[in-house]
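Colleague: I am new to this structure and would like to learn how to read it step by step. Could you take me through it, beginning with the whole chain and ending with the pockets?

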Amino acid sequence: MITVKEALNHILGSISPLGLEKADILSALGRVIGEDIHAPRDIPPRDNSAMDGYALKSKETTGAGASNPVILNVIEDIPAGYAPKKTVGAGEAARIMTGAFVPEGADAVIMVEETKSDDAGVQIYAEAAKGRNIRYAGEDVREGDLVIRTGTLLRPAEIGMLSALGRSFVKVYQRPIVALIATGDELVDIDGASSPEKIVSSNSYSLAAQVMECGGIPLQLGIAKDNMNDLTEKFRAAMRADIVVSSAGVSVGDYDFVKDVMKDMDIGIDFWQVAQRPGKPMTFGAREGRPVFGLPGNPVSSMISFEQYVRPAILKMTGHENIFRKTIRAKLAEDIKKKKGLRYFIRARLKSQGEGFVAETTGEQGSGILKSMVLANGIIVLPEDVDFVKAGSDVMVQALDKSQDFTKDPEYLND
Ligand code: AMP
Ligand code: MG
């Protein structure tokens, strides 16, 4: 039996990022870029107007005021998207729209609200300092700038920037295909004939959803019966994928054949028990660099073990730098007794209270109680060396989902 830390270090140590592939920028959303993006040109490309108004020589406006307008001759109209044709000289102005290039000769734009125009020209009612209302070429990004670094997670802002730089395709890390095998004679698929001896293979779906949630591509290989032939066939098919994840059949029961199949298939077994609860029985091995996880069968155990080991592995394979959930410090709402020597992963509800957080368990914690996961938005992690944690103690809680990131009301309006 090895510790959680040893298991994690061992697994992640044997995993390296997959190769890169070309993706169009919209399908690259949420993925990690595998190339440095330098700006091929300035953005904006030329000095342009930040306002609708008049482009002019700033010194012409000296002394202009509400009762003392300067009158200029309007020489041209420059809509956005069209190049100016004329040069602004003394006593002149060009009507200009937001985003249009500032014409030669002009060094400021006065906004339309500070002007009045008639047949005689435009009356300017305020002074405009040099540079007023001008957005300079390269003020967003300069040609040659490193704008997006390899390893960056692509969010909508990066997608917009890539498009502004004229990149319709980029290199991103490949997504692993994750073969999923459920094992057990008692299992049927969702719509399988219902008889009291059979249960739905919910792991097939919770694990597939977990794979999808972290960017992997699930390959559902269905249910293997508890015999060597059936299991071998499924594992053989699974070895085409980038990662193999099976569930159940890894304990020491009479029908637990997963370890035997892995041995038969030359998948080196690196360990098969982890000092944790839930999820103690778990095998990990590899063949030709392809990681094989034999997760436990109980619905909570398989999800927890996926969370702790498979998820970071997938994130590492897909080029992510931040591969772990955030851990939040919270006050424990109730006493918890535990067995010394095992690290516990307890399903919990995190609630903010005052400046901090409180964590309460989601009730019955049996490894078959899937509802304990449904009710949870966090996992309290208790270390090996304690056997009792008192209510009110500080505990570490893995924030499981985005419920910590969102609120019903815009909090900035509460000031
Ligand atoms: P095992 O490790 O094979 O003894 O399985 C442990 C427990 O997990 C048993 O109660 C199984 O019925 C249950 N189990 C195994 N596989 C699944 C699955 N795919 N979906 C839901 N429950 C499962
Ligand atoms: Mg079984």
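**Reading the chain and its pockets**

Modeller: Let us begin with burial, keeping in mind that this is a predicted model: of the 415 residues in the chain, 46% are buried, where buried means under 20% relative accessible area.

Colleague: What secondary structure does the chain have, and how many helices and strands are there?

Modeller: The chain contains seven helices together with 28 strands. The C-alpha trace, taken along its principal axes, spans about 100 × 50 × 40 Å.

Colleague: What share of the contacts between residues at least 6 apart in sequence join residues at least 24 apart?

Modeller: That share is 70% in this chain.

Colleague: Into which domains is the chain divided?

Modeller: There are domain 1 (4-16 + 175-317), domain 2 (23-42 + 144-173), domain 3 (48-135) and domain 4 (327-399). Domains 1 and 2 are each written as two segments of the chain, and the centres of domain 2 and domain 3, taken over C-alpha atoms, are separated by 37 Å.

Colleague: How should I read the largest pocket, and where does it lie?

Modeller: The largest pocket has a volume of about 1200 Å³, and among the 33 residues that line it, L153, R311, H320, N322 and K402 are the closest to its centre. The elements giving two or more residues to this lining are α2 (156-164) and α6 (299-317). By class, the lining of the largest pocket holds twelve nonpolar, nine polar and twelve charged residues. As for its place, the largest pocket lies between domain 1 and domain 2, because both give residues to its lining.

Colleague: Which residues lie nearest the centre of the second largest pocket, and which element gives the largest share of its lining?

Modeller: The second largest pocket has a volume of about 650 Å³ and is lined by 39 residues, with G297, N298, P299, S301 and S367 nearest its centre. β24 gives the largest share of that lining, four residues, while the elements that each supply at least two include α3 (202-213), β13 (177-183) and α6. Its lining divides into 15 nonpolar, 17 polar and seven charged residues, and at least three residues come from each of domain 1 and domain 4.

Note on methods. Residues numbered from 1 in each chain as written. Chains lettered and ligands numbered in written order. Predicted model: local features only at pLDDT ≥ 70, side-chain atom pairs only at ≥ 80, totals over all residues. Heavy atoms only, no water. Domains from an automatic or database assignment. 1 Å grid on protein atoms, 1.4 Å probe; cavity = no way out; pocket = protein on both sides within 12 Å on 5 of 7 lines; lining within 4 Å. Points joined across faces, edges and corners; volume = space filled by probe spheres on them. Nonpolar A, V, L, I, M, F, W, Y, C, P; charged D, E, K, R; others polar. Buried < 20%, exposed > 50% of the residue type's maximum accessible area, 1.4 Å probe, protein only. Contact = heavy atoms within 4.5 Å.
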